[in-house]
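Reader: I have a model open and want to learn how to read it. Please take me through it feature by feature.

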Amino acid sequence: QVQLVEPGGGLVQAGGPLRLSCAASGRTFSSYGSVGWFRQAPGKEREFVAAICWSGNWRYYVDSVKGRFTISRDNAKSTVFLQMNSLKPEDTAVYYCAADPSGRYSVSDYYHARAYDYWGQGTQVTVSS
């Protein structure tokens, strides 16, 4: 079992920054394991935001956040971060981190929620205009 805890959400003005964190515990990650961030806005489906391999060899972003968001990890602390800059009102959503410690899927699978076995409780991010 893996527990994921996500402090860091909140209210921020458009154009401002916010950093989310996702602390994992309970199981050792394979170097091929992955942690992803997804978000769900009211009335919309959950969408992929970013993902990173535990070894740091790759990281991917949805087009709408490229150049504004950065995903990173601190393996010593078993924590993954999502630094969000130049936030827009359309970034408002509940953000979830998700993990697959095994790394059993191909890289392209990690764009999809089905590749992740463990999910955090979600944290609200609200961007005011």
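Author: What follows goes through strands, cores, surface, backbone and charges.

Author: First, the ground rules. This is a predicted model, in which local features need pLDDT of at least 70, side-chain atom pairs count only at pLDDT 80 or more, and totals for chains, interfaces and linings use all residues. Residues are numbered from 1 along each chain as its sequence is written, and side-chain values use heavy atoms, with hydrogens and water left out.

Reader: How are the elements named, and which strands does β9 pair with?

Author: Helices (H or I, at least four residues) and strands (E, at least two) are DSSP runs, numbered from the N terminus. Two strands pair if DSSP finds at least two bridges between them. Take β9. With β4 it pairs in the antiparallel sense over seven bridges. V35 stands opposite A99 in β9. β9 and β11 also run antiparallel, joined by three bridges. There, V94 has Q124 in β11 as its bridge partner. Two bridges join β9 to β10, again antiparallel. In that pairing, A98 stands opposite W119 in β10.

Reader: Is β9 largely enclosed or open?

Author: Start with the scale. Buried means under 20% relative accessible area, exposed over 50%, and partly exposed in between (1.4 Å probe, protein chains only). Seven of the eight residues of β9 are buried, so β9 is largely enclosed by the rest of the structure.

Reader: What should I look for in a nonpolar core?

Author: In soluble globular proteins, nonpolar side chains tend to be buried together. A nonpolar core here is a set of buried Ala, Val, Leu, Ile, Met, Phe, Trp, Tyr and Cys residues joined through side-chain atoms within 4.5 Å. The largest one has 30 residues. Within it, W37, L82, M84 and Y95 touch the most other members. The elements giving two or more residues to this core are β3 (18-25), β4 (34-40), β5 (47-53), β7 (69-74), β8 (79-84), β9 (93-100) and β11 (123-128).

Reader: What about backbone angles?

Author: Most residues other than glycine have a negative phi, and most peptide bonds are trans. S78 is not a glycine, yet has a positive phi of about 50°. S78 lies in the loop between β7 and β8. S86 also has a positive phi of about 50°, and is found in the loop between β8 and β9. S78 is partly exposed at 26% relative accessibility; S86 is partly exposed at 41%.

Reader: How many salt bridges are there?

Author: Side chains of opposite charge can pair when their charged atoms come close. A salt bridge is a side-chain nitrogen of Lys or Arg within 4 Å of a carboxyl oxygen of Asp or Glu. The structure holds six. One of them joins D63 and K66 (3.0 Å, N to O). D63 is exposed at 61% relative accessibility, whereas K66 is partly exposed at 49%.

Reader: Which partners does R104 have?

Author: R104 meets D100 at 2.9 Å, N to O, and D117 at 3.0 Å, N to O. R104 and D117 are 13 residues apart, each in the loop between β9 and β10. D117 is partly exposed, with a relative accessible area of 40%. Elsewhere, salt bridges that share partners join R39, E47, R68 and D91 into one network. R104 itself is partly exposed at 46%.

Reader: Last one: where is Q1, and what is Q1 in contact with?

Author: Q1 is in the segment before β1 (3-5). Contact means heavy atoms within 4.5 Å. Leaving aside neighbours within four places in sequence, Q1 is in contact with S25, G26, R27 and Y118. Q1 counts as exposed, at 64% relative accessibility.
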